[in-house]
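Hi everyone, thanks for making time today. Have a look at the structure on the screen, and I'll walk you through a few spots in it.

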Amino acid sequence: MKKFLLVSLLCALAIPTLAEDRELTLEQRIEKLEQIIAEQNKELKKQKLDIKKNEKKLSLATQEKTKNQDDELQFHGYLRTGADGDMKHGNQTGNSKNKELLGRWGNEYDTNFNINFSKKFTQSNGAWTKLVVQLENWSDNYDNNVGDYKIDLTELYIEMGNVPMFTGAFKDAKIVAGKKKWDAQQVEILDYYYQDVKGTGLGLEGIRLWNGSLNLTYISNDFKDGELSNIEGKKAEDVRAYKAKYTHGDISGEVMYAHATDNDKIKKYKNNLENWNRDAADDGFYAGLYYQPDNFFGLEGKGQHYLQYATGILAGEGIGKIETDANKRAANDAVTYQLGLGGTVRLGDRTHMLVSYRGLRAQNIEARKTVSYWHDVDNPTNMSPYVGSWRAKDLETDALVLRPIYYINQNLDLWMEAGIARKDTESYSGTTEDHLLYKISAGPQLKYYVGNAETSLRLFVTYIGDKTERRENGVTTKSTVEDVLTGFQVSAWW
């Protein structure tokens, strides 16, 4: 039957025979034809295999990525710049005027940017690592200078997740190591960070505990004491901090202990006119409680509330921070409390309002308690007795800021920001200053949204004032400084 089919095929195709093939028998011709068919089938199978490989490659290249897959290079950031002035004095300084108390809009003219890069790499077993870099700069100049002529490397760290050895409570935890802003929390309306611990450290984040999450962190930093430049050897003192933060739903609690080394180098120092004694803190403790509910005291909105307590090196005006500025070193017996209440509340279909209240009480916030002055510059041994310095000893602040915003359409808002605050200080010499600060700003805001990017241009008119009462050596003086400013600010996020 097989031979019959092949003969029929030969006849149907009328296969030509070469001269040398005419002597072949029918069986030889059939065998030769079988070889040709076998070779053709082999080539056909190879082509089918190549097609399947190409289909697989095409499928891998075009398949939709999962939502949590971010292996692509990520680039995002923030920038702002602006200017203000008045008819009498022209352009004002780029420094904002107590924006951490009175609010930032219409009161913020500096230039600031941060640029962030990140890249995630995932292994075949699901383990991943992520690299993060942040560059940042701040400047109060209106010219083209870049701050202190440098760009800071503010973050450089890695994250490691899905660690194969982690099981149980540690299964979803990640390792974080490098230079980082650890758990920074900001009040946007003030551009104020009530929790902002910076340094190079090692952390384990996302440990599951009692239906919540626990973060453990070790952080190292150092003080930049510029006035110690004439001291030989070590110019900075190391500080080590140990931090634990637990989050359950809308509530987070945090504790931190910090210790400074080589503090003996900064106990005393002198310049051309003064000898200083510094009672700088060696240790410090911090505790913070944060509550961020999905409502504003029962109203539609979002809450942002915080209660803080700190001692020693972690106290002072910069509560919740590892302060590296020598001029802000807290005394050994420093104690600080702070309460913050605020958030965002919806007032209607087109209106919402940002709200912030913060009250701070700080004692012994400056380490430079006593000072001795030279009577004769040419005779360095002729010094006055040490007396209480003019540096701030105690600080009390209460501040309330409101920012209602009315949305005209997707690209245009009308906004107003009003702030009132008191700031009372007492120095180690007994001098007191009581400030009543106030501000009201208003203007339009033009906004554009493109993808994940947003740009805003705000025009503003600001009325701002400071009423001061100063008492020194039994003499009271009062002063009032007020100004009307106009200007603009542009900002962008992406």
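Let's start with leucine 79, which lies in strand S1. One thing to keep in mind as we go: this is a predicted model.

Is leucine 79 buried or exposed, or something in between? Its relative accessible area is 32%, so leucine 79 counts as partly exposed. Together with Leu73, Phe75, Phe117, Leu135, Ile151, Leu153, Leu156 and Trp494, Leu79 makes a nonpolar surface patch of about 780 Å². Which strands supply at least two residues each to that patch? Strand S1, running 74-86, is one of them, and strand S5, running 152-161, is another.

Now please find two of the patch members, Phe75 and Trp494. Phenylalanine 75 is partly exposed, because its relative accessibility is 45%. Tryptophan 494 is partly exposed too, with a relative accessible area of 30%.

On to the aromatic rings. How many aromatic pairs are there? The count comes to 13. Phenylalanine 75 belongs to strand S1, while tryptophan 494 sits in the segment after strand S24 (475-493), so the pair ties together parts that are 419 residues apart in sequence.

Let me put a second pair beside that. Tyrosine 194 and tyrosine 290 have ring centres 5.8 Å apart and planes at 55°, so this pair is tilted as well. Tyrosine 194 is in strand S7 (residues 192-209) and tyrosine 290 in strand S13 (residues 283-291), so here the parts tied together are 96 residues apart in sequence. Are these two tyrosines buried or exposed? Tyrosine 194 is buried, because its relative accessibility is 0%. Tyrosine 290 is buried as well, at 1%.

Back to the patch for a moment: Phe75, Phe117 and Trp494 form one aromatic cluster.

Last stop, a lysine. Over which rings does the charged end of lysine 180 sit? One is the ring of tyrosine 157, with the charged end 5.3 Å from its centre. Another is the ring of tryptophan 182, where the distance to the centre is 5.1 Å.

That's my tour, and I'm happy to go back to any of these spots with you.

Key. Residues numbered from 1 in each chain as written. Predicted model: local features only at pLDDT ≥ 70, side-chain atom pairs only at ≥ 80, totals over all residues. Heavy atoms only, no water. Patch = residues over 30% accessible without salt bridge, like charges linked within 9 Å, V, L, I, M, F, W, Y side chains within 5 Å. Areas by Shrake-Rupley, 256 points an atom, 1.4 Å probe, with all protein chains shown as cover. Salt bridge = Lys/Arg side-chain N within 4 Å of Asp/Glu carboxyl O. Helix = DSSP H or I, 4+ residues; strand = E, 2+ residues; numbered from the N terminus. Buried < 20%, exposed > 50% of the residue type's maximum accessible area, 1.4 Å probe, protein only. Phe/Tyr/Trp six-rings, centres within 6.5 Å; stacked < 30°, edge-to-face > 60°. Lys NZ or Arg CZ within 6 Å of the ring centre and 35° of its normal.
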